[in-house]
Amino acid sequence: MNQQRKTIYGMRKEVLAAGAGVPLVWFTEDAKTKKKTRHEKMVSWPDQEEHLYDLIEDLIIEIVDEAVPRGKNDEFDTKALQTRVREQFNVDMNFEGAHPDKEKLQLDIFNVVEKRLKQKFEILGDDFRLYTQWLYLNTIDQLWKDHLLQMDHLRQGIHLRGYGQKDPKIEYKKEGFELFQIMKGRIAASTIGMVMRVEPVQQVDAQAATQQPAAGRASGTLPPLPQRRQQQMIETHGEAPTASGGAGGTQVQNQTAPIVRTGPRVGRNDPCPCGSGKKYKKCHLPLEEGAGASAD
């Protein structure tokens, strides 16, 4: 596990050193004398590109080995090879009628993929190189964390190998190494797959972009969404009426004046203020309520 960690950290350091202008430094230790030796080298952007081509070459060898039949009686599935190349490298190649020659197929695929990647570097320049570097680092970190989780699961159940008359320690190292090799292959495949799917986008002329909405309105198309909502509200509800009238509004007059009480408040069961001796509700209250109703 410690050796796997050193390998991953070495990969990360080499990726980070690309184009940094600072030498990459690492140490090696002699197994017998325990003596450490210091090494250093400069890693440039062309070195990073060559490393990507090496990853592409390894992937092509693996893809072709899986597609080309091993026996004489096996059939060469050209459609499967075409699909596999398109999924991995985002390029369309036709292998109809091709001879199942591994070296020729590998060379043809590599030439096409290499040409496509070089065009990306020429067109996009350093921005594409920086993005490729970030993408490579992000893929390493993510898959390394997944690998650590897999190793934890393997460690928890490795003792069961003892029931099969196998040494759990040896099986743990063996299966851990296999998982590590699978992870390295996934790092290469994922990085190259995403890098090959990056395409340059042409900038749209700003003047042409501003003229398109005006042309759309002149041709009778729908206005922008906020404007349509405003028109819909006006057509549905109309304009709010105003107190003084106006365009589209109706004049509203306040025909009812507020009733102002001049005297003290009189309860319904209190004596009527007129001095008749009757209760207020039996004397002048009905008269006042009738006057108020007729005024409304």
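Leaving aside its neighbours within four places in sequence, which residues is Thr132 in contact with?

Author: This is a predicted model, in which local features need pLDDT of at least 70 and side-chain atom pairs count only at pLDDT 80 or more, while totals for chains, interfaces and linings use all residues. Residues are numbered from 1 along each chain as its sequence is written, and side-chain values use heavy atoms, with hydrogens and water left out.

Apart from neighbours within four places in sequence, Thr132 is in contact with Leu52 and Val195; contact means heavy atoms within 4.5 Å. Thr132 lies in helix H5, residues 126–157. Helices here are DSSP runs of H or I with at least four residues, strands are runs of E with at least two, and both are numbered from the N terminus. The relative accessible area of Thr132 is 1%, so this residue is buried. Buried means under 20% relative accessible area, exposed means over 50%, and partly exposed is in between, using a 1.4 Å probe and protein chains only.

Helix H2 spans residues 45–67 and packs with helix H3, residues 78–89, at an angle of about 160°, the axes being 10 Å apart. Axes are lines fitted to C-alpha atoms, for helices over the stretch in contact, and angles run from 0 to 180 degrees between N-to-C directions. H2 is therefore roughly antiparallel to H3, a term for angles over 145 degrees. On the H2 side the contact is made by Ile56, Leu59, Ile60, Ile63, Glu66 and Ala67, and on the H3 side by Leu81, Arg84, Val85, Gln88 and Phe89. By class, this contact of H2 with H3 has 8 nonpolar, 1 polar and 2 charged residues. Nonpolar covers Ala, Val, Leu, Ile, Met, Phe, Trp, Tyr, Cys and Pro; charged covers Asp, Glu, Lys and Arg; polar covers the others, Gly among them.

Now the chain as a whole. The protein chain has 9 helices and 2 strands, in the order α-β-β-α-α-α-α-α-α-α-α from the N terminus. Of its 296 residues, 27% count as buried, and Thr132 is buried too. Among contacts between residues at least 6 apart in sequence, 55% join residues at least 24 apart.

Gly267 gives another setting, in the loop between helix H8 (225–237) and helix H9 (285–295). With a relative accessible area of 25%, Gly267 is partly exposed. Gly267 and Lys279 are 12 residues apart in sequence, and their C-alpha atoms are 9.0 Å apart in space.

Terms used:
Angles under 35 degrees count as roughly parallel, over 145 as roughly antiparallel, 65 to 115 as roughly perpendicular and the rest as oblique.
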